[in-house]
Amino acid sequence: MSTEGYDFIVIGGGSAGSVIASRLSENPDVRVLLLEAGGSDRHPLFHLPAGFAKMTKGIGSWGWTTTAQSSMQGRVFNYTQAKVIGGGSAINAQIYTRGAAQDYDGWRQKGCEGWSYDDVLPYFKKSEDNDSYDGKYHSKGGLLGVSKPAAPLPICDAFIEAAGQAGIPVATDVNADTQEGAGYYQLTQRNARRSSAAMAFLSPARARSNLKIQLRAQVRRIVVEHGRATGVEMMDGSTIVADREVILSSGAIGSPRLLQLSGIGPADDLQRLGIEVVFDQPGVGANLQDHLDLYAICEVTGPHTYDRFAKPHLSLLAGLQYLFTRKGPVASSLFETGGFWYADKDARSPDIQMHLGLGTGIEAGVEAMPNGGVTLNACHLQPRSRGTVRLQSKNPEDMPLIDPNYLSDPYDREMSITGLKLVQEILAQDALKPYIMAERLPGPAVKTDQDYFNFICEHSKTSHHCAGTCRMGIDAEAVLDPRLRFNGIEALRVADASIMPTVNSSNTNAPTIMIGEKASDMIKQDQELLT
C-alpha cells in the first residue's frame, strides 16, 4: 500500500460525492480524498444554463450506450453518464424536483428505517438556498442555489393554461404538499448560473487543507482485505489507503460497474470474465430502473421558442444579452415548465411527468424542426420493468453492458402510450393555438396503440434517471443496509442514486443530493465525528 493515507476516500465527485466530501471535511480532524474520473468544469458551458443543450451530445460524458432493447424492437439508446466534477448536476437541465412523499414512505415500508418522507425532508431543506420559498417545505441559506426560471417565454404560460383546459390544475410548487398539476419548475441555479453540486458544495470547501480533490483519477478497483475495504487501486497501479471508510458515489451505472471490477458482484458473471471473486453479491448491478422519455414535437407559428437562436448571429446577440442582463435564451435551461399527472387513475401519486422544451432537437437524437418548434416530453414515473448493469470484460476501459430493459413489463408500455396521448391532448388545446402550427411527431398517421408502440421504439430516449443498482434494504438480497453500509464488507459504503429501492417519481438530481446529505450525517454518527 501507498504510505499516503486518508480517513475517507470518496469515489466519484457527482451529485452525492461532492456533498459527502464537503460535509465530511467540515471536521478539520479528518482527511478526505475525493477522486473524480472526469475533468474540471471550467468550460463556460458547464456554468451557463442553456449549456445543457450541448451536454447530451457528448460534453462531459462517458459516451456510453445501452444494449439492444429486446422489448423495443432492438433499439440501442444513447446513455449519457457524466464524466466531469459535479457529475450529473453539472450537465443536467437543472430541474429541481424531489418526487412524491409516497416514494420515500414506500422505502420505509420496505424496511428502510430513517428514509420516510418526514425523515428525508430536513435533508432536502438543509441543502437549499431557495430564492422564492421558505417554511415547511423549503429553506434559505443552504449551499445549493434553487431558483425560479430567469427567462420564461409566453408559450410557457400558454402551456400551463392548455394543461388546465385538459383538466390538469395549476401547480405553484411541485415540491410542496402535492405534485399534481402543471407550472414552472424550480431550478438548481443561482443568479442565472448553474448551481451544480461541485459549484455549490466543493467551491467553498476547496481551501480546506484536509480536503484533496483529484481530477482525472479513475479507480481500477476497491481494495478489500480480510473482509474490509482498505483503500483503492488506481489505473496506474498505485494504491491509496482509507483508514476509516471507502465511500462509493459513482452513480447508478458507475458504482455497480466498479464493484464488479473489484470482484464484488454476481460470482458466476465475474468468474466467466476471469475476475477473482472477492464477494458474491448477485444484487450488485441488478434492479436497474429508469424513466423512458417520450415526446411530441410541434412546429410553431413564429419565433415563440429558442430555436431561432441556433443561427450564429442571433446566438451572439443572445450571449451579449446574457452578459449584460442575465436574461434571454442563455439564462434558460430550455426545460423550465412542466408538471405531473396520471396515466393510471389508481396510481399512488402522479405517474406521468411532463417537460416543456423551448425548442426542438435539444437533446441528442431528438428531431429538430427547420422552422422552429416546441417539444413536450412525457415519462412514466413508476416503471415495473427492471434491468441490469453488467461488465462485458475485466478491462476497466470497456463500456459496461447497460440494459434498462425498457417496456419489458406490459404495464409500462400501456402507461407510456397513455402519457404520450396526454401531451398530445394538451398541445391541441385552444390556449396553444396561437403558437402551434401543427403537430409533426407523432403526427396524424399514428393512430392505433401498435402505431404508438412503433413510434416509441424509434422516437424516445432516456430521462437520465437511472437508479436502484445497489439497493438498500433489510432482506437477504439487499446490497446495502439502510445506513448504506455494504452488507458483508466492512468500511465500504455506497451513496448515490444506486441505493434507491425504487426510483423516485421525478428527476433524480435533488434526491441524490439529499442522499449525499443524509449519508454524510450517518457516516459522522457511525464514526463518532463531531463538527
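1. In this note a residue is called buried when its relative accessible area is under 20%, exposed when that area is over 50%, and partly exposed in between, with a 1.4 Å probe and protein chains only. By that criterion Arg493 is buried, because its relative accessibility is 1%. The model is a predicted one, in which local features need pLDDT of at least 70 and side-chain atom pairs count only at pLDDT 80 or more, while totals for chains, interfaces and linings use all residues. Residues are numbered from 1 along each chain as its sequence is written, and side-chain values use heavy atoms, with hydrogens and water left out.

2. Arg493 forms a salt bridge with Asp526, the closest N and O atoms being 3.1 Å apart; the term denotes a side-chain nitrogen of Lys or Arg within 4 Å of a carboxyl oxygen of Asp or Glu. This pair links distant parts of the chain, with Asp526 in helix α12 and Arg493 in strand β24, 33 residues apart. Helices (H or I, at least four residues) and strands (E, at least two) are DSSP runs, numbered from the N terminus.

3. Asp526 also meets Arg483 in a salt bridge between side chains, at 3.1 Å from N to O. Asp526 belongs to helix α12 (residues 509–526) and Arg483 to the loop between β23 and β24, so this pair ties together parts that are 43 residues apart in sequence. Asp526 counts as partly exposed because its relative accessibility is 30%. Arg483, at 25%, is likewise partly exposed.

4. A further salt bridge joins the side chains of Arg228 and Glu490, at 3.8 Å from N to O. Because Arg228 lies in strand β12 (residues 228–234) and Glu490 in the loop between β23 (460–462) and β24 (492–494), the pair ties together parts that are 262 residues apart in sequence. Arg228 is partly exposed at 30% relative accessibility, whereas Glu490 is exposed at 52%.

5. The count of salt bridges comes to 28. A network of them links Arg23, Glu26, Lys126, Glu517, Asp521 and Lys524.

6. Ser127 is part of helix α4 (residues 117–127) and is buried, with a relative accessibility of 2%. Contact here means heavy atoms within 4.5 Å. When neighbours within four places in sequence are left aside, Ser127 is in contact with Gly142, Leu143, Leu144, Phe201, Ile513 and Glu517. Glu517 is also one of the residues in the salt-bridge network.

7. His291 sits in the loop between β15 (279–280) and β16 (292–300). With a relative accessibility of 0%, His291 is buried. Its contacts, leaving aside neighbours within four places in sequence, include Cys379, His380, Pro383, Lys461, His465 and Asn504. The side chain of His291 reaches the backbone oxygen of Leu381 at 3.0 Å. The C-alpha atoms of His291 and Ala467 are separated by 9.5 Å, although the two residues are 176 places apart along the chain.

8. Grid points are joined across faces, edges and corners, and a volume is the space filled by probe spheres set on the points.

9. The largest pocket has a volume of about 840 Å³. Its lining comprises 33 residues, of which Ala53, Tyr306, Asp307, Phe309 and Ala310 lie nearest the centre. The elements giving two or more residues to this lining are α2 (52–55) and α9 (312–325), and α9 supplies the largest share, three residues. By class the lining divides into 17 nonpolar, 11 polar and five charged residues; Ala, Val, Leu, Ile, Met, Phe, Trp, Tyr, Cys and Pro count as nonpolar, Asp, Glu, Lys and Arg as charged, and the others, Gly among them, as polar.

10. The second largest pocket, of about 290 Å³, is lined by 15 residues, with Arg348, Gln382, Pro383, Arg384 and Thr502 nearest its centre. Helix α3 (residues 101–109) gives the most to this lining, three residues. The lining has five nonpolar, five polar and five charged residues.

11. The whole structure holds four cavities of 30 Å³ or more.

Conventions:
On a 1 Å grid over the protein atoms alone, a cavity is a set of points where a 1.4 Å probe fits but cannot get out, and a pocket is an open set with protein on both sides within 12 Å along at least five of seven lines; lining residues have an atom within 4 Å of a point. A polar contact is a pair of N or O atoms within 3.5 Å; within protein, one must be able to donate a hydrogen and the other to accept it, and residues adjacent in sequence count only if both atoms are side-chain atoms.
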